[in-house]
Amino acid sequence: MTIKRVVVTGLGALTPIGNDVASYWNSLAAGVSGAGPITKFDASKFRTQFACELKGVDVTQFIPRQEARKMDAFTHYALIATDEAVRDSGLNLDTIDKNKVGVIWGSGIGGLKSFEDEMIDYAKGDGTPRINPFFIVRMIADSASGQISMRYGFRGTNYVTVSACASTNNAIIDAFNYIRLGRLNMCVVGGSEAAVTRAGIGGFNANRALSERNDSPQTASRPYDKDRDGFVLGEGAGSLILEEYEHAQSRGAKIYAELIGGGMSSDAYHITAPHPDGLGAFLGMQDALADAGIDPTEIDYINTHGTSTPIGDPQELKAIHQLFGEHSFKLNISSTKSMTGHLLGAAGAVEAIACIKALEHQLVPPTINHFTDDDEIDPRFNLTFNTAQERSMTTVMSNAFGFGGHNAIVIFRKLS
């Protein structure tokens with residue numbers, strides 16, 4: 001069997017720091033924070049009262065109002081980001097073989113707001129189950145991939161991956177395998193999340209995962225800083241068009257980068273905490289390098305999982321040092337979650353786009369909000385603090401780790 005090459009030919013982003021790829025990248029390069037007080041509900045009684053919300057999004061510009069009412073916000077976000085990615089790819093929907101185009105999406109939670117609203121309304125009643133007929137289809141995570149498939153008539157493989165915050169990287173790896181094994185010519189792949197809700201904020205507050213820096217939301221996400229106190233919840237979506245290389249060439253497609261490897265592992269340790277020695281992260285990155293067939297010294301930049309949690313950040317760096325050795329101090333490393341917040345199941349999608357744009361512009365986006373060095377972190381790491389750095393890059397890695405010990409890592413390279 002001939003293993004085929006897989007390239008990226010379209011990008012779409014809907015993020016707290018930009019509602020399209022261009023504005024998202026410009027904000028990343030400039031070090032803009034997307035955090036601010038929560039506007040979606042009254043958060044005054046919550047321990048965390050801020051998040052990285054989307055701004056100025058008019059769903060009805062992309063989805064007819066009657067149709068939008070049948071969907072949760074995470075599906076709206078998926079369709080909006082994919083609209084940009086499909087347009088960006090230059091696809092001729094009348095000539096491609098839609099039987100060989102798949103949709104593999106990622107979401108850690110799915111329709112949380114729909115579930116929350118329906119159950120609150122039910123609890124307020126007299127016990128009579130007056131349930132919206134669209135409740136289930138709004139809530140279930142595979143609604144996003146199904147709606148994308150129906151919108152464009154893509155009849156290939158169609159499903160959603162759920163592995164908490166590793167969901168989208170798992171989706172990317174699955175799509176990568178379908179294409180390189182010849183099962184698909186193309187695949188829409190990405191992730192979306194809409195968890196800035198009472199249940200989302202309250203739930204993450206309850207397990208002490210969120211920052212509670214209410215006096216300074218914009219500086220609250222501070223990966224690798226000594227005073228980090230938890231992640232900032234974000235929302236949005238990222239969408240990529242993956243395509244078999246010769247198929248892309250035959251239609252004269254613009255090619256952003258090549259996807260050359262994906263690795264997965266499990267911590268097998270704790271439902272929320274990473275392995276104290278970073279073992280799962282080490283194994284996942286090692287697996288990705290082996291899949292790509294490259295040496296660790298070929299990696300130029302790692303967009304880390306880097307959530308700004310006290311126990312997560314140092315363990316990831318331990319794993320990088322263990323795997324990359326002295327080369328770990330020659331890498332650029334950054335966490336773009338310092339700007340976007342943590343988009344949970346959609347994080348891998350928007351961070352893959354950040355990596356691809358970094359390759360395109362030869363510019364490493366920063367880790368903002370660094371104020372105090374952490375004695376647990378080796379100062380020899382170049383964590384790209386506060387300001388973007390120009391760098392010659394050929395190959396980049398993006399890490400995503402999720403509750404449950406899920407680890408998924410993808411590697412992109414400039415086309416050669």
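Okay, let's start with Ser23, which is partly exposed at a relative accessible area of 26%; buried would be under 20%, exposed over 50%, and partly exposed is in between, using a 1.4 Å probe and protein chains only. Before I go on, this is a predicted model, where local features need pLDDT of at least 70 and side-chain atom pairs count only at pLDDT 80 or more, while totals for chains, interfaces and linings use all residues. Residues are numbered from 1 along each chain as its sequence is written, and side-chain values use heavy atoms, with hydrogens and water left out.

Back to Ser23. You'll find Ser23 in helix H1, residues 21-30. Helices here are DSSP runs of H or I with at least four residues, strands are E runs of at least two, and both are numbered from the N terminus. Ser23 touches Ile17 and Gly18, if you skip residues up to four places away in sequence; contact means heavy atoms within 4.5 Å.

Next up, Cys165. The UniProt annotation "active site", from an unreviewed entry, covers Cys165; UniProt positions are given in the numbering used here, feature names are shortened, and annotations may be inferred rather than shown by experiment. So is Cys165 buried or exposed? Cys165 counts as buried, at 10% relative accessibility. Cys165 sits in the loop between strand S5 (158-161) and helix H7 (167-180). Leaving out neighbours within four places in sequence, its contacts include His305, His342 and Phe401.

Now the pockets. A pocket is an open set of points on a 1 Å grid over the protein atoms alone, where a 1.4 Å probe fits, with protein on both sides within 12 Å along at least five of seven lines; lining residues have an atom within 4 Å of a point.

Domain 1 (7-251) and domain 2 (263-414) each put in at least three residues, with bounds from an automatic or database domain assignment.

The second largest pocket holds about 160 Å³ of space. Its lining is 13 residues, with Lys70, Val137, Ser143, Gln147 and Met150 nearest the centre.

Key: Points joined across faces, edges and corners; volume = space filled by probe spheres on them.
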